[in-house]
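Hi everyone, thanks for coming. I'd like to walk you through one model today, so let me put it up on the screen.

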Amino acid sequence: MQIPKDLIEKANDKLSRVANSAEFYQVRSAFLGKSSQLTQLFGSLRDLPKEDKIKFAKELNAIKSELEGIFERAFDSLGSSNQSSANLDLTLPGIDHGLGTLHPISVITQKITSYFEQNHYSVFFGNEIESDFFNFEALNFPANHPARQMHDTFYLDDEQKYLMRTHTSNTQIHAMMKYGVPLKMLSPGRVYRCDSDNTHLPMFTQAEGLVVDQNASFGKLKGTLINFLNHFFDQEMEVRFRPSYFPFTEPSAEVDIRFGKKGWLEVLGCGMVHPNVLIGCGVDPNQFTGFAFGMGIERLAMLYYGVEDIRDFYSSNLEFLKQFNTSL
Ligand code: DAH
């Protein structure tokens with residue numbers, strides 16, 4: 001087989017005389033197209049003995065990729081010289097691809113997280129798949145405890161050992177086991193329950209707070225939450241602590257805020273960390289006390305933005321989402 005040594009030279013020569021893209025494509029097809037000499041040579045490889053086939057294929061491929069490079073560069077420079085030609089209207093507006101914005105729930109999550117970070121809380125991320133131990137057992141919900149019923153949920157296996165976490169309170173256990181105490185942490189994230197209507201979703205977002213040290217008190221818990229709510233809504237809020245029950249806190253409270261014509265609305269659960277929870281994490285309840293709180297982020301976002309139907313956040317309706325074109 002005769003390998004033409006001057007193909008590259010010839011191609012360069014022809015390309016130097018090309019004035020527009022039509023001419024460019026003609027020359028390209030003459031050198032790399034179906035009926036080009038190169039393509040024919042590739043075709044005749046099949047008649048060669050094996051060793052020759054390998055040797056010539058290598059050489060032909062080297063020429064081919066060199067040619068392709070030459071044509072690519074020639075095309076680019078054709079493009080850039082065309083751009084300065086008179087028929088390009090530089091005054092035409094560009095194509096707007098839209099930058100996109102943060103989802104309102106991300107905005108509110110960041111607003112909450114950055115407030116607590118400024119107050120020296122570490123941000124801790126848990127797992128959305130949890131074991132029964134972390135989601136319930138370690139939080140003082142033994143098997144068959146009636147409080148589990150409020151967490152009707154999605155199990156991942158028949159033995160019900162693993163589930164989509166039903167709340168973020170399990171991050172309290174992970175954080176204490178991992179970092180020990182004293183500890184101040186805030187943990188935002190998604191949680192899952194079998195629930196769906198205009199104020200409940202099967203997937204929603206919570207932020208969990210935990211403070212454990214030698215003098216955490218209910219008074220400090222109240223101060224923390226009142227300050228947070230005033231900051232969040234950027235006004236002095238009327239806040240009410242209503243006695244409640246959670247297995248992992250004692251005493252426990254639900255926190256309501258008075259919200260205009262809507263009256264009192266529940267926004268948070270909280271309480272002093274139950275000694276059983278501390279003991280389970282290797283913390284001595286005679287030395288340390290803790291307070292914890294958990295808030296539903298969609299709920300706060302609905303109040304903040306005046307959204308009536310929680311499902312709007314996740315319906316992927318751009319007209320709805322574009323309204324929150326805010327930066328923090
Ligand atoms: N985990 C509770 C829920 O999902 C919310 C909660 C209540 C969190 C009290 C807390 C707490 O940390 O102290 O309903």
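Let's start with a question: how many bridges join S6 to S7, and do they run parallel or antiparallel? Seven bridges join them, and the two strands run antiparallel. Before I go further, please keep in mind that this is a predicted model.

Staying with that pair for a moment, S6 and S7 make a hairpin, with two residues between them.

Seven strands form an open sheet, and their order is S1-S4-S5-S9-S8-S7-S6. The pairing is mixed. At the edges stand strand S1 (122-123) and strand S6 (239-246), and each has a single partner strand, so one side of each is left without a neighbour in the sheet.

Further in, please look at strand S8 (residues 264-273) and strand S9 (residues 289-296). These two run antiparallel and are joined by five bridges. Here Gly269 stands opposite Gly294 in S9.

What packs on this sheet? Helix H10 (residues 297-305) does, and it touches strand S5 (203-213), strand S7 (249-258), S8 and S9. The direction of H10 makes about 60° with that of S9.

H10 also has a helical partner to show you. The axes of helix H8 (residues 218-233) and H10 come within 11 Å, crossing at roughly 45°. On the H8 side the contact is made by Phe228, Phe232 and Phe233, and on the H10 side by Leu300, Leu303 and Tyr304.

Next, a single residue. Where is His167? You'll find His167 in the loop between strand S3 (162-164) and helix H7 (170-179). Is His167 buried or exposed? The relative accessible area of His167 is 3%, and the cut-off for buried is under 20%, so His167 is buried. Its side chain reaches the backbone oxygen of Asn135 at 3.0 Å. Leaving out residues up to four places away in sequence, His167 touches Asn135, Leu139, Phe141, His151, Val191, Arg193, Gln206 and Phe248.

Last, the overall layout. The domain assignment of the protein chain gives domain 1 (7-86) and domain 2 (104-321). The C-alpha centres of domain 1 and domain 2 lie 65 Å apart.

Definitions and conventions:
Residues numbered from 1 in each chain as written. Predicted model: local features only at pLDDT ≥ 70, side-chain atom pairs only at ≥ 80, totals over all residues. Heavy atoms only, no water. Helix = DSSP H or I, 4+ residues; strand = E, 2+ residues; numbered from the N terminus. Buried < 20%, exposed > 50% of the residue type's maximum accessible area, 1.4 Å probe, protein only. Polar contact = N/O pair within 3.5 Å; in protein donor to acceptor, adjacent residues only side chain to side chain. Contact = heavy atoms within 4.5 Å. Domains from an automatic or database assignment. Pairing = 2+ DSSP bridges. Axes fitted to C-alpha atoms, helices over the stretch in contact; angles between N-to-C directions.
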